[in-house]
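I opened the model and kept notes on what I looked up. The entries follow in the order I made them.

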Amino acid sequence: REGDPLNLLIVGNRDLVRQCFGGRWDDAEAITFGTCVKTTRAFLFDSSYRYSPVSSLYVDGRIQDLALQRARTSINERIHLRLWQTDLRVDGQTVWIGQVSRDIGVRFTLKTWNLTTHRIDPNVDEARDYVVDSLMDGRRVAQMTYATGVDAATPDQPRPNLTGDPYYTDGKRAVLVLSANATDTVYLEDGSPTETVKPR
């Protein structure tokens with residue numbers, strides 16, 4: 001079954017990915033009975049759960065290789081990011097395909113073994129662009145563009161994910177080539193240079 005749409009491509013070896021997302025993003029805990037209880041408690045009391053688990057999604061039959069999240073004041077505002085390592089390389093760097101979306105609640109479902117799932121914000125492009133802005137603000141992007149991904153879906157005709165949550169998207173994937181050092185760089189939009197980021 002289709003899960004949330006794949007909307008990111010990130011170029012960078014594992015250590016570089018960890019470095020660029022470090023400090024702002026945390027590893028998600030594994031799904032266990034205990035972490036499900038913590039997740040439900042955080043939802044009921046509208047509190048934060050910094051390491052709340054993300055459900056497993058699969059690409060070509062493989063579970064995500066990295067699951068990261070950005071916690072906020074409430075578990076309902078958490079952003080979760082899944083990355084799958086591919087066999088592709090660009091200048092010796094690993095290419096990852098990813099999916100990012102924002103949680104807006106927890107609900108019960110019969111479609112998962114633990115009977116709970118997170119509801120996602122239907123505007124998945126907003127979460128994708130949040131990742132882009134976050135990495136750009138940290139000056140860790142060497143190049144950036146958008147590429148064709150899934151079929152587009154509109155707000156008035158959304159597409160359902162695995163657990164029935166609706167989402168809409170322009171269908172594009174953000175393509176980010178990470179930089180090992182903070183850089184004042186030229187970003188690429190549709191293959192052409194657009195602007196140089198000035199030092200902060």
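I started at the end of helix 3. Just after this helix, Arg-139 has a positive phi of about 55 degrees. I note that the model is predicted.

I then went back to the helix itself. Helix 3 covers residues 124–137, 14 residues in total. From its first C-alpha to its last it reaches 20 Å, close to the 20 Å expected at 1.5 Å a residue.

Next I checked burial along helix 3. The buried residues are Val-124, Asp-125, Ala-127, Arg-128, Val-131, Val-132, Ser-134, Leu-135 and Met-136. For reading such a list, I keep in mind that an α-helix has 3.6 residues a turn, so residues three or four places apart point the same way.

I turned to aromatic rings. How many aromatic pairs does a search of the whole structure find? It finds two. Tyr-130 belongs with Phe-21 and Trp-25 in one aromatic cluster.

Last, I took the totals for the protein chain. I counted three helices and 14 strands. The chain has 200 residues, of which 47% count as buried. I also looked at contacts between residues at least 6 apart in sequence; 62% of these join residues at least 24 apart.

Notes:
Residues numbered from 1 in each chain as written. Predicted model: local features only at pLDDT ≥ 70, side-chain atom pairs only at ≥ 80, totals over all residues. Heavy atoms only, no water. Helix = DSSP H or I, 4+ residues; strand = E, 2+ residues; numbered from the N terminus. Expected span 1.5 Å × (residues − 1). Buried < 20%, exposed > 50% of the residue type's maximum accessible area, 1.4 Å probe, protein only. Phe/Tyr/Trp six-rings, centres within 6.5 Å; stacked < 30°, edge-to-face > 60°. Contact = heavy atoms within 4.5 Å.
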